[in-house]
Amino acid sequence: MKFFVDTAELDQIKELHDLGMVDGVTTNPSLIAKSGRDILEVTKEICDLVKGPVSAEVVALDADTMLAEGRKLAKIADNIAVKVPLTWAGLQTCKTLSDEGIMVNVTLCFSANQALLAAKAGATFISPFIGRLDDINLDGLELIEDIRTIYDNYGFKTQILAASIRTANHMSDCAKIGADVATAPPAVIKAMANHILTDKGLAGFMADVEKAGIKIL
């Protein structure tokens, strides 16, 4: 499973990138606003750092303006994936951009029907939001499973990009059920390394090191 990092903070991306933990980046208007940077400027810097897809989201709601914004974003770099919402206008934009050879990430997906439409429209990625479904007592992981079944049934090439990931367990669960990609905040990706038994074992080792006076350097 590929790891995308969900942030617009360059230092956080670089830290994970240097460890080989970044296959791509996702951004959205909220993350751009949080960074305090100009969207075109920060997106270009991210694209220069990361070789994989970098999702940059349109902010318009109508298809014509979405398309104009998407084409402008796509000119930033060859690895831009234009991010559009899963609305009818977003699907129209997705179809046109995909036909032009531009990667498209269709976001805010909350049902298998929506994912099916996105695949038919030629989406490169579909982004089901796990955490937001969990917030309203629906099973976000079940949606990933449903989309995986549908896409496999008909050979759709659209990649399932699990989004709105809140916990490290979400990451392993998505990998087990066949998500192609998972995008998560840096803190969640780093939390995957944590385990109480690792900490307990290390504490025991260090106590023995101190007791025995073991030194390597």
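Which residues in α6 meet which residues in α8? Select Ala 112, Ala 115, Leu 116 and Ala 119 in α6, then Leu 143, Asp 146, Ile 147, Ile 150 and Tyr 151 in α8; contact here means heavy atoms within 4.5 Å. Helices are DSSP runs (H or I, at least four residues), strands likewise (E, at least two), numbered from the N terminus.

Before going on: this is a predicted model, where local features need pLDDT of at least 70 and side-chain atom pairs count only at pLDDT 80 or more, while totals for chains, interfaces and linings use all residues. Residues are numbered from 1 along each chain as its sequence is written, and side-chain values use heavy atoms, with hydrogens and water left out.

Now show the whole of α6 (residues 112-120) and α8 (residues 140-154): they pack at about 40°, axes 9 Å apart. Axes are lines fitted to C-alpha atoms, for helices over the stretch in contact, and angles run from 0 to 180 degrees between N-to-C directions. That angle makes α6 oblique to α8 (under 35 degrees is roughly parallel, over 145 roughly antiparallel, 65 to 115 roughly perpendicular, the rest oblique). The crossing is right-handed, meaning that the near helix is turned clockwise from the far one by less than a right angle. By class, the contact has eight nonpolar residues, no polar ones and one charged (Ala, Val, Leu, Ile, Met, Phe, Trp, Tyr, Cys and Pro are nonpolar; Asp, Glu, Lys and Arg charged; the others, Gly among them, polar).

Next, pick α4 (residues 63-74) and α5 (residues 88-99), which pack at about 40° with axes 9 Å apart. α4 passes α5 in a right-handed crossing. On the α4 side, highlight Ala 63, Met 66, Leu 67, Gly 70 and Arg 71; on α5, Ala 89, Gly 90, Gln 92, Thr 93, Thr 96 and Leu 97. Colour this contact by class and you get five nonpolar, five polar and one charged.

Move on to α1 (residues 10-18) and α3 (residues 39-49), whose axes come within 11 Å and cross at roughly 10°. That makes α1 roughly parallel to α3. Leu 10, Ile 13, Lys 14 and His 17 in α1 meet Val 42, Glu 45, Ile 46 and Leu 49 in α3.

Last stop: the largest pocket, about 560 Å³. A pocket is an open set of points on a 1 Å grid over the protein atoms alone, where a 1.4 Å probe fits, with protein on both sides within 12 Å along at least five of seven lines; lining residues have an atom within 4 Å of a point. To find the centre, select Asp 6, Asn 28, Ser 30, Leu 31 and Arg 132, the closest of the 29 lining residues. α2 gives the most to the lining, with four residues.

Technical notes. Points joined across faces, edges and corners; volume = space filled by probe spheres on them.
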